[in-house]
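Morning, everyone. I have one structure to walk through today. Here it is on the screen.

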Amino acid sequence: IFYTPDVINSYRQLALQNPFGAVSNLVVRPADPQNPLPVFTVDDPLAQATRLITNNRNGMQRNLRDGQVQQWNLTFQYLLGKNTLFEAAYHGSKSTHLMSAIDYNEPNPFPAQPPNFALNFPYPQLGSVFMYESRANGTYNALQARLERRFVNGLTCLVSYTFQKTLTDLDGASVGTAFGAGARLQTIKNIRANYGPSVFDRPQRFVASWLYELPFFKRQANLLGKVGGGWQIGAITTLQDGPSLTPSSFGVPFVGSHANLLGDPNLPRGQRTIDRWFDVSKLANPAPGQLGNAGKGVIRGSGNNRWDLIVSKFFPVNERQRLELRAEFFNAFNHPQFDDPVVTPGNNPLAGKITSASDFGFTQTERVIQLGVKYSF
């Protein structure tokens, strides 16, 4: 059992609101265009500044608890010979009391009902009223397998496979939100209805890494041995499913944030293209005054297919010194790593389309070739 205190930046939001904090805006222009020095004094830096009024508020649950994560596993290991290990394991976890941020200034009823669609806010004088609470939950269950061979006879490898499901009712709180989290809670009155695959749920993931030392000419001391011996090749292969995406409504007022589901929108893998990643006809906007019935994470996003290769050559100088030349090919086959499609009904002209390639957290995904020289002594 582990405990997960929230990051301190969540709490500092409380200090950046009235009456504890205020924001002022001051545009300083030079009085004389020929002398571009702004009129600004340290004695009165906010002179003639404009006070920016915000009606949004943040609050903290009175008895906030640290998040709790319970973890368990059952693992089997088997030696395939003296140098190769096979492992299969079941891993599970249950997370409770995780930080959540929920807007309590939700109209009642929500969504607003016909014929008038009146927006009756609990706190009409305020904008959003986000409360930080320890009420989010999640579960993780996975089959994890690996095959590992130690470096023997010039070959080492590590192959891992994960088949898993991650479920949660809220993807993120305030600070530290999951990358790409966009499944908005439809209504605070039924958080359980938002329970489903997490935005980072990827059912299958395969990673293989290996390095092979070519046996040719490596024991020869002549010119052929120096040129043809001492070569190594290796690779890291990453294959994984895309994330779980939640279809949203588009261009219709007084509805919930989710679309209506008319069937399974996911296309077979061989039918997916960047212009039609899923079947848009299976999504529809809810009628005004209704919540969408699409569950959380029902559309599978774009996955990953990446191969990183390395070729290196060692030149022995003497018993304690050697020179290494290496060429590294990141995404060697230049396979596109796409962003996720636009998940809305067809009244959005971009629905079902992928419009950009991914940078995966600001990491280059196009092919990159890197050359290096290393001298060891």
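Start with the cavities. By the rule used here, the count is 1 cavity of 30 Å³ or more. The rule works on a 1 Å grid over the protein atoms alone: a cavity is a set of points where a 1.4 Å probe fits but cannot get out. Points are joined across faces, edges and corners, and the volume is the space filled by probe spheres set on them.

Before going on, the ground rules. This is a predicted model, with residues numbered from 1 along each chain as its sequence is written. Local features need pLDDT of at least 70, side-chain atom pairs count only at pLDDT 80 or more, totals for chains, interfaces and linings use all residues, and side-chain values use heavy atoms, with hydrogens and water left out.

Back to the cavity. The largest one has a volume of about 60 Å³. What lines the largest cavity? Leu16, Gln17, Asn18, Gly21, Ala22 and Val23, plus Arg51, Leu52, Ile53 and Thr54. A lining residue has an atom within 4 Å of a point. That lining splits into 5 nonpolar, 4 polar and 1 charged. Here Ala, Val, Leu, Ile, Met, Phe, Trp, Tyr, Cys and Pro count as nonpolar, Asp, Glu, Lys and Arg as charged, and the others, Gly among them, as polar.

Next, the strands. They are DSSP runs of E, at least two residues, numbered from the N terminus. Two strands pair if DSSP finds at least two bridges between them.

Take E7, residues 67-79, and E8, residues 84-103: they run antiparallel, joined by 12 bridges. Leu79 has Leu85 in E8 as its bridge partner. The E7–E8 hairpin has 4 residues between the strands, and there Gly81 takes a positive phi near 85°. E8 also joins E9, residues 129-152, antiparallel, through 18 bridges. Asp103 is partnered by Phe130 in E9.

Now E18, residues 304-316. E18 runs antiparallel to E13, residues 231-240, with 10 bridges. Gly234 has Ile310 in E18 as its partner. E18 also pairs with E19, residues 322-330, antiparallel over 8 bridges. Those two form a hairpin with 5 residues between them. Pro316 stands opposite Arg322 in E19.

Last, the core. The largest nonpolar core has 9 residues, including Leu245, Trp277, Phe278 and Ile354. Such a core is a set of buried Ala, Val, Leu, Ile, Met, Phe, Trp, Tyr and Cys residues joined through side-chain atoms within 4.5 Å. Buried means under 20% relative accessible area (1.4 Å probe, protein chains only).

Which residues does Trp277 contact, leaving aside its neighbours within four places in sequence? Among them are Leu267, Arg272, Arg300, Pro341 and Ile354. Contact means heavy atoms within 4.5 Å.

Key. Buried < 20%, exposed > 50% of the residue type's maximum accessible area, 1.4 Å probe, protein only. 1 Å grid on protein atoms, 1.4 Å probe; cavity = no way out; pocket = protein on both sides within 12 Å on 5 of 7 lines; lining within 4 Å.
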